[in-house]
Amino acid sequence: MAEIIIVRDQDEAGELYAHCVADLIAVNPFAVLGLATGSTPLTAYQHLAWQIRDRGIDVSHVRGFALDEYAGLPVEHPESYRSVITRTVVEPLGLDPRHIHVPDGALETLPTAGEEYDRAIAAAGGIDVQILGIGTDGHIGFNEPGSSLASGTRVKTLTEQTRQDNARFFGGNLDQVPTHCITQGIGTILKARHVILLAFGENKAQAVADSIEGGISSFCPASALQLHPHATFIIDEAAAGSLKRADYYRWVYANKPEWQGI
């Protein structure tokens, strides 16, 4: 099963993620990171930036692959995930933009963009650590409920709920939110050597419980992480609120050998 770490808050979660990734880069300067957008990973990226600065870690060769991108949105648009990744990850961490990849959302290349992206990840040696958030319906990336658990990177149609949720990034104008995206598939995500999923807040509690303690189902995409040999859920007390075995997870983590890391 996945490792479940219940923390006080986002800062503690961010510190755990940052130590894990900073240690990886210190040992492997050519590490490949899986990158997510949204509000959930921001604190983790901030802590990683501090770790890199304070430890003097060379990140000039670090490579990164984003989870997803809107289809048809110009890359220079401030809400394209290329722009978001640049603002929230590349610049704060001091990464080389030439080594950071985002799925190609250009309409003219969409038919082949997914396969090409998966080939690029494979050519880089695969993703070492993939960071994820989770939706209230259990989605990861833009893999909405019902997505194939074996899916590769591909074009998906956004649900109306997702478009409404994301309208706040487009000045509240739903008409400006794209209807399609290109996203790493669940099968692609499962190929990462280590997956770290962050979840905070009571509104994520049911999705977290379904992912960890429910059955494996395409209708809760994050439940596929039960199949992963090295998946880590780092969640706060509120997000852990619906877990039946929360006390056991606390006990296991409290008694874990320090040398194992996460």
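Is Arg163 buried or exposed, judged by its relative accessibility? Arg163 counts as buried because its relative accessibility is 9%, where buried means under 20% relative accessible area, exposed over 50%, and partly exposed in between (1.4 Å probe, protein chains only). The structure is a predicted model, in which local features need pLDDT of at least 70 and side-chain atom pairs count only at pLDDT 80 or more, while totals for chains, interfaces and linings use all residues. Residues are numbered from 1 along each chain as its sequence is written, and side-chain values use heavy atoms, with hydrogens and water left out.

**The sheet**

- Helices (H or I, at least four residues) and strands (E, at least two) are DSSP runs, numbered from the N terminus.
- An open sheet is formed by 7 strands in the order 1-10-9-6-2-3-5, with parallel pairing; two strands pair if DSSP finds at least two bridges between them.
- Strand 1 and strand 5 are the edge strands, each of which pairs on one side only.
- Strand 2 (residues 32–35) pairs with strand 3 (residues 63–66) in the parallel sense over 4 bridges, and Leu33 stands opposite Gly64 of strand 3.
- Strand 6 and strand 9 (residues 194–199) pair in the parallel sense over 4 bridges, and Gln130 has Val195 as its bridge partner in strand 9.

**Aromatic contacts**

- The whole structure contains 7 aromatic pairs. Rings of Phe, Tyr and Trp (its six-membered ring) pair if their centres lie within 6.5 Å; planes under 30 degrees apart count as stacked, over 60 as edge-to-face and the rest as tilted.
- One of these pairs is formed by Tyr70 and Tyr81, which are tilted, at 4.8 Å centre to centre and 35 degrees between the planes. This pair links distant parts of the chain, with Tyr70 in strand 4 (residues 68–70) and Tyr81 in helix 3 (residues 81–93), 11 residues apart.
- Tyr70 counts as buried because its relative accessibility is 1%, and Tyr81 likewise counts as buried at 10%.
- Tyr70 also forms a tilted pair with Phe142, at 6.0 Å centre to centre and 45 degrees between the planes. Here Phe142 belongs to the loop between strand 6 (129–132) and strand 7 (154–157), 72 residues apart from Tyr70.
- Both Tyr70 and Phe142 are buried.
- One aromatic cluster comprises Tyr70, Tyr81, Phe142 and Phe170.
- Arg245 lies over the face of Tyr248, 4.4 Å from the ring centre. A charge sits over a ring if NZ of Lys or CZ of Arg is within 6 Å of the ring centre and within 35 degrees of the ring normal.

**Salt bridges**

- The structure holds 9 salt bridges, each being a side-chain nitrogen of Lys or Arg within 4 Å of a carboxyl oxygen of Asp or Glu.
- Lys256 and Glu3 are joined by a salt bridge of 2.6 Å, N to O. The pair links distant parts of the chain, with Lys256 in the segment after helix 8 (246–254) and Glu3 in strand 1 (residues 3–7), 253 residues apart.
- Glu3 is buried, with a relative accessible area of 17%.
- In the salt bridge between Arg8 and Glu12, the closest N and O atoms are 3.2 Å apart; Arg8 is exposed, with a relative accessible area of 63%.
- Arg163 forms a salt bridge with Glu160, in which the closest N and O atoms are 3.0 Å apart. The two residues are separated by about one helical turn because they are 3 residues apart in helix 5 (residues 160–166).
- Whereas Arg163 is buried, Glu160 is partly exposed, with a relative accessible area of 43%.
- A network of salt bridges links Glu237, Asp247 and Arg250.

**Cysteines**

- The count of disulfides is 0, a disulfide being a pair of cysteine sulfur atoms within 2.5 Å.
- Cys181 is in no disulfide, and the nearest cysteine sulfur, that of Cys220, is 18 Å away.
- Cys181 is buried, with a relative accessible area of 0%, and Cys20 counts as buried at 17% relative accessibility.
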